[in-house]
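Please look over the model shown here. The note that follows is arranged as numbered points.

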Amino acid sequence: MEVILIQDVDNLGSAHEKVSVKNGYARNYLIPRKLAVEANPSNLKQLEERIKQQQKKEAKMMAEVNKVIEVLKASPLKVGAKTGTSGKIFGSVTSVQLARAIRDQKGYEIDRRRIHILDEVKELGTYKAKVDFGNSNEAEVEFEVGAE
């Protein structure tokens, strides 16, 4: 029996995928638990429409992500840190401080867990960090650490 999965099912497939399963598995497990629907012509049309809408949505998101990447690469961020007399920082600059700097200086809210600082920041200077936007979209951001 051909069914269209509504949700991801382990060892079977992902959502919005058409799969072939045994009749009993579909009737007794997948369909009653609302994990799948029968692959009839009307459901197939709905699936095609959902896929088209998903692709449009992803294209719009990609355009927005590319816009954010261009803004982040335009100029380096400035991050302030408390320093001693020799230029060493008390502690280090973290992704939380970098996320706050992006929000304040560029106007974009980026989750701190998506920011990965490449080098350990212990002194004043210019450093790089990677921002992961998902779907293999990454941007390398420069930031300057200055004394507060």
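Predicted model: local features only at pLDDT ≥ 70, side-chain atom pairs only at ≥ 80, totals over all residues.

1. Residues are numbered from 1 along each chain as its sequence is written, and side-chain values use heavy atoms, with hydrogens and water left out.

2. Helix α3 comprises 12 residues, 95-106; helices are DSSP runs of H or I of at least four residues, and strands are runs of E of at least two, numbered from the N terminus. From first C-alpha to last, α3 reaches 15 Å, close to the 16 Å expected at 1.5 Å a residue, a span taken as 1.5 Å times one less than the number of residues. Just after α3, glycine 107 has a positive phi of about 85°.

3. Ser95, Leu98, Ala99, Ala101, Ile102 and Lys106 are the buried residues of α3 (under 20% relative accessible area, 1.4 Å probe, protein chains only). They lie on the same side of α3 because their arc around the axis is only 160°, judged by the directions from the helix axis to the C-beta atoms.

4. The largest nonpolar core has 21 residues; such a core is a set of buried Ala, Val, Leu, Ile, Met, Phe, Trp, Tyr and Cys residues joined through side-chain atoms within 4.5 Å. The most to this core comes from α3, with 4 residues. Apart from this core lies another, of 9 residues, including Leu5 and Val19.

5. Leaving aside neighbours within four places in sequence, leucine 98 is in contact with Leu77, Val79, Ile115, Ile117, Ala129 and Phe143 (heavy atoms within 4.5 Å).

Conventions
Buried < 20%, exposed > 50% of the residue type's maximum accessible area, 1.4 Å probe, protein only.
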